[in-house]
Amino acid sequence: MEPLIDPGLAPVPATQAKRVSTRGKSPTAIAFARLRQDRLAVVCACVFLFFVLIAIFAPLLAKLEGQDIATLHQDLTDEYGFPTIGPNAEHWLGIEPRLGRDLFARFVYGARPSLLVAGSVTIISTIIGVSAGLITGFAGGWIDRVLSWVIDFVLSLPYLLFAIAVPAVLLTVFVGSADGAGTNEVATVRFYSLIFVLSFFGWAPLARLIRGEVLSLREREFVQAAKVLGVPTRKVLFKELLPNLVAPIVISVSLALPTVIVLEAGLTYLGVGLTEPTPSWGVTISQAQSYYREDPLYLWIPVAAITFLVLSLSLLGDSVRDAFDPRTRR
């Protein structure tokens, strides 16, 4: 007796079976997919993008208000220099004491130096740190010993003393004398000297991190196979090793941005960073410390901006680290 076969359970011909996509994803693609699913990371990225847009469209925003960063409104201050008006339709955040410059215009323009310094320092220190770490970890021998000594030497230098001394030296070299130089020349030299100092001290920790990663990767089979096949060293470094270092590099960049922003504001507040006429948040905080009781907006607006920007970047950096670290899968 032949068994009964349900027609609905009949085997499907191989030609009619659906093809299932088996395309794999790289660890970087998986990490970015996890990052997009993190709501906190998305919110923090939007906050950072908001400040970037403020910096980009600062001239348009100031023009929309109808003010600029240089016009003095001393007729709106009293005999002691305190503003006689508050935030209104003409001055959205009011005016600063003594000089009477518009606070909203200086606020939106103040986002530019912080983001420019942070972005420039992060890019420069990342390029130097990754290159030095790759060469040091892969070459070995006397090259490793010399570059490792340089890294340790940079890490041992007194950071604050260099931040104080370098601007004075650069002013003497490029301007001649700080007393005879104009305010614009001093501000320009201070701007580039700040980038130089922060980049000089920023590449060494990343170089040490990349060196350690390369020391563990250079003994792997794919690197040894590339050596046996006679692949040039340059291709081994940038085609084989560098793609495997994306995670620590991205994590380092995400954590370096808020650190540099805080350092720039702190050094400016101490008087060894940016100076007038640069419309920096740190400059505003330094000048507002004498008026924080009479005019709280003058102080708390740049403080709040730096706080929200640094907090969002710090939380975004933590989310990036969790996304790229396989041990923190949730």
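**Exercise 1. Is R98 buried, partly exposed or exposed, and what relative accessibility does R98 have?**

Before we start: this is a predicted model, where local features need pLDDT of at least 70, side-chain atom pairs count only at pLDDT 80 or more, and totals for chains, interfaces and linings use all residues. Residues are numbered from 1 along each chain as its sequence is written, and side-chain values use heavy atoms, with hydrogens and water left out.

*Solution.*
- Start with the cut-offs: buried means under 20% relative accessible area, exposed means over 50%, and partly exposed is in between (1.4 Å probe, protein chains only).
- R98 comes in at 48% relative accessibility, so R98 counts as partly exposed.
- Now find R98: look in the loop between α3 and α4. Helices like these are DSSP runs (H or I, at least four residues), numbered from the N terminus.
- Check the backbone too: phi of R98 is near 75°, a positive value in a residue other than glycine. Most residues other than glycine have a negative phi.

**Exercise 2. Work out how α8 and α9 pack.**

*Solution.*
- Find the helices: α8 covers residues 221-228 and α9 covers residues 233-241.
- Take their axes, which are lines fitted to C-alpha atoms over the stretch in contact, with angles from 0 to 180 degrees between N-to-C directions. The axes of α8 and α9 come within 11 Å and cross at roughly 150°.
- That makes α8 roughly antiparallel to α9, a label for angles over 145 degrees.
- Then list who meets whom, with contact meaning heavy atoms within 4.5 Å: F222, V223 and A226 in α8 meet V236, E240 and L241 in α9.

**Exercise 3. Which residues does K227 touch, leaving aside its neighbours within four places in sequence?**

*Solution.*
- K227 sits in helix α8.
- The contacts to note are F138 and R218.
- With a relative accessible area of 40%, K227 is partly exposed.

**Exercise 4. Explore the nonpolar cores.**

*Solution.*
- A nonpolar core is a set of buried Ala, Val, Leu, Ile, Met, Phe, Trp, Tyr and Cys residues joined through side-chain atoms within 4.5 Å.
- The largest one has 45 residues, and W281 is among those with the most contacts inside it.
- α4 (103-139) is one of the elements that give two or more residues to this core, and the largest share, 11 residues, comes from α4.
- Zoom in on W281: not counting residues up to four places away in sequence, W281 touches residues including F51, F107 and L309.
- There's also a second, separate core of 14 residues, which includes L206, A226, L237 and I249.

Notes
Parallel < 35°, antiparallel > 145°, perpendicular 65-115°, else oblique.
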